[in-house]
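Student: I have a structure open and want to go through it with you. Can we take it topic by topic?
Tutor: Fine. Ask away.

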Amino acid sequence: MPQAIPPIWSLPQAEVIAVGLMCKAPRPGHAKTRLGRTIGADFAALLSECFLRDVAKIIETLQSSHNLQGYGLYAPIDAAAEIAALLPRSFRLVPQHGDDFSSIVHGAIASLLERHRGGAMLINSDSPTLPPQILAMASDALRRHEDCIVLGPAFDGGYYLIGLKHAHWELFRDIPWSTNEVARMTRDRARELDIPTVELPMWYDVDDAADFSRLLEEIAGVPPSFGSSGAGANGHSGELHAAPALATRAMIKKWSQNREPYLESDRGSKRAREIGPHTNIRDA
């Protein structure tokens with residue numbers, strides 16, 4: 001059964017926890033390709049760059065208060081300088097390695113755990129408004145267990161964050177990535193391995209047109225229904241406060257002034273959405 005999260009004041013002093021941001025170079029035709037089919041490859045790459053900046057900022061704001069160290073886990077191998085220019089100076093860079101995504105993710109978490117025995121987590125770069133509270137809860141949970149898996153389930157059935165104290169290969173082997181089975185199968189593997197699971201509140205990735213519409217709604221002042229009450233597993237309650245996502249907001253505001261008032265979804269249907277100059281998007 002998932003483990004309850006004790007209050008923050010009960011945290012013991014502990015070693016630094018690594019937070020690895022999965023970074024794909026924001027190049028047109030290579031970054032956010034599913035979304036690029038709707039909004040164009042160039043704009044999708046620009047958004048990908050903004051997402052990287054915004055998620056890195058979330059990590060940076062918690063580094064001191066929660067004793068974290070940010071890492072940029074980058075790909076491809078020639079993208080080090082490109083990624084370094086997007087991340088805070090306090091981040092360290094580590095290249096991704098592996099022949100498939102299972103080995104890439106496992107290798108990333110194992111590499112971080114070699115550097116930081118207190119624990120490590122991986123976070124994707126597709127959730128620019130992820131509430132910083134969630135990252136804080138993840139680090140707090142890792143400090144309370146000798147062995148555990150901290151899982152941030154995504155709305156699409158995957159996960160936006162995974163935290164571990166030990167690099168369990170079975171949690172990643174033969175996982176059908178990019179399907180709605182990822183989080184469920186990861187929970188099942190943890191149960192088979194008898195690893196306690198701490199679940200974080202649900203959030204969402206921005207991968208396709210429907211996700212992008214959700215992001216536009218959130219930026220316009222309509223929070224995701226699953227995040228409005230902060231309801232999550234393990235007894236967490238209270239409203240979640242989305243990250244400001246300043247880079248993403250600024251880019252979308254600029255884009256919205258020259259964009260049609262609808263999005264074409266992956267299924268070919270039109271989702272009406274006013275995103276003209278009167279949209280309630282705050283200045284960055």
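Student: How many disulfides does the structure hold?
Tutor: This is a predicted model, and the structure holds zero disulfides.

Student: What about Cys23, buried or exposed?
Tutor: Cys23 counts as buried because its relative accessible area is 1%, and the cut-off for buried is under 20%.

Student: And Cys148, buried or exposed?
Tutor: Buried, because Cys148 has 0% relative accessibility.

Student: Which way do they point?
Tutor: Ile149, Leu151 and Pro153 point one way from β5, while Val150 and Gly152 point the other way. Both sets are buried.

Student: Why the two sets?
Tutor: Because side chains in a regular strand alternate between the two faces of the sheet.

Student: In what sense do β5 and β6 pair?
Tutor: Antiparallel, over five bridges, with β6 covering residues 159-164. Leu164 of β6 is the bridge partner of Ile149, and Gly163 of β6 is the partner of Val150.

Student: How many residues sit between the strands in that hairpin?
Tutor: Five, and Gly157 in that hairpin takes a positive phi near 100°.

Student: In what sense does β5 pair with β7?
Tutor: In the parallel sense, over three bridges, with β7 at residues 197-199. There, Glu199 of β7 is the bridge partner of Leu151.

Student: Back to β6. How many of its residues are buried?
Tutor: Six of six, so β6 is mostly covered, with buried meaning under 20% relative accessible area.

Student: In what sense do β4 and β6 pair?
Tutor: Antiparallel, over four bridges. The partner of Ala120 in β6 is Leu164.

Student: Switching to pockets. What is the volume of the largest one?
Tutor: About 1200 Å³.

Student: Which residues lie nearest its centre?
Tutor: Phe101, Asn124, Asp126, Ser178 and Asp207, out of 38 lining residues.

Student: Which elements give two or more residues to that lining?
Tutor: β1 (17-24), α1 (33-39), α2 (41-62), α4 (101-115), β4 (120-123) and β6. The largest share, four residues, comes from β6.

Student: How does the lining split by class?
Tutor: There are 18 nonpolar, 10 polar and 10 charged residues in the lining of the largest pocket.

Student: Is Ser178 buried or exposed?
Tutor: Exposed, because its relative accessible area is 75% and the cut-off for exposed is over 50%.

Student: Which phi does Asp174 have?
Tutor: A positive one of about 55°, although Asp174 is not a glycine. Asp174 also lies in the loop between β6 and α6 (182-192), and with a relative accessible area of 57% it is exposed.

Student: Prolines now. What is the peptide bond from Ala75 to Pro76, cis or trans?
Tutor: Cis, with omega near 0°. Pro76 is in the loop between β2 (68-75) and α3 (80-84).

Student: Which residues of α8 are buried?
Tutor: Thr248, Arg249, Met251, Ile252, Trp255 and Ser256. Seen down the axis of α8, these buried residues fall within an arc of 165°, so they line one face of the helix.

Student: Why does that spacing work in a helix?
Tutor: An α-helix has 3.6 residues a turn, so residues three or four places apart point the same way.

Notes:
Residues numbered from 1 in each chain as written. Predicted model: local features only at pLDDT ≥ 70, side-chain atom pairs only at ≥ 80, totals over all residues. Heavy atoms only, no water. Disulfide = S-S within 2.5 Å. Buried < 20%, exposed > 50% of the residue type's maximum accessible area, 1.4 Å probe, protein only. Pairing = 2+ DSSP bridges. 1 Å grid on protein atoms, 1.4 Å probe; cavity = no way out; pocket = protein on both sides within 12 Å on 5 of 7 lines; lining within 4 Å. Points joined across faces, edges and corners; volume = space filled by probe spheres on them. Nonpolar A, V, L, I, M, F, W, Y, C, P; charged D, E, K, R; others polar. Arc of directions from axis to C-beta.
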